Amino acid sequence: SGKAYNTNSFAFMISAHARSRQMDAAEDYFQRIIQSGLVPDFRAYINLIQGYITMGDRPRAEYWARELRTSSAVHIDFREYRTLIKIFSQSQDMQNAEFWFREMANSQDAWLSLQEYNILISGYAAT
């Protein structure tokens, strides 16, 4: 009998592989989400993005950030924008941190708070 998976179990597996720097396996699990007819959630994308940032592979992190941005199935609210600003800022990738800051500023579903400004300022102070 096969094990029934949901997006939470896939996101967990993606995270586990990303933390152990097995990014091919993490991407494989991501593809399994799609092939099984499920929709990847924000955490699945963010686990890939963070994994590639940790590995120092900025182009792949940017690729998955673009995929997230263009996914019609994933709604990005203020918490998700803040997470993206924070992970790029903490990795001193201020270009992408600013991009997501501007995306949040232009969003009709989110609003900038002092916290987002502080995250950006802290990122610049660390560079």
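**View 1. A nonpolar surface patch that includes Tyr117.** Leu114, Tyr117 and Ile121 make up a nonpolar patch on the surface of this predicted model, and together they have about 340 Å² of accessible area. Accessible areas come from the Shrake-Rupley method with a 1.4 Å probe, and for residues only the protein chains shown count as cover. A patch takes residues with over 30% relative accessible area and no salt bridge, joining nonpolar side chains (Val, Leu, Ile, Met, Phe, Trp, Tyr) within 5 Å and like charges within 9 Å; a salt bridge is a side-chain nitrogen of Lys or Arg within 4 Å of a carboxyl oxygen of Asp or Glu. Tyr117 belongs to helix H7 (residues 114-126). Its relative accessible area is 42%, so Tyr117 is partly exposed (buried is under 20%, exposed over 50%, partly exposed in between; 1.4 Å probe, protein chains only).

View 2. Helix H3 covers residues 42-55, 14 residues in total. Helices (H or I, at least four residues) are DSSP runs numbered from the N terminus, as are strands (E, at least two). From first C-alpha to last, H3 reaches 20 Å, close to the 20 Å expected at 1.5 Å a residue (1.5 Å times one less than the number of residues). Buried residues of H3 include Phe42, Ile46, Leu48 and Tyr52.

**View 3. The surroundings of Tyr52.** Tyr52, in helix H3, counts as buried because its relative accessibility is 6%. Beyond neighbours within four places in sequence, Tyr52 contacts Met23, Glu27, Asp57, Arg60, Ala61 and Trp64 (heavy atoms within 4.5 Å). Arg21 is 31 residues from Tyr52 in sequence, and their C-alpha atoms are 8.3 Å apart.

Residues are numbered from 1 along each chain as its sequence is written, and side-chain values use heavy atoms, leaving out hydrogens and water. In this predicted model, local features need pLDDT of at least 70 and side-chain atom pairs count only at pLDDT 80 or more, while totals for chains, interfaces and linings use all residues.
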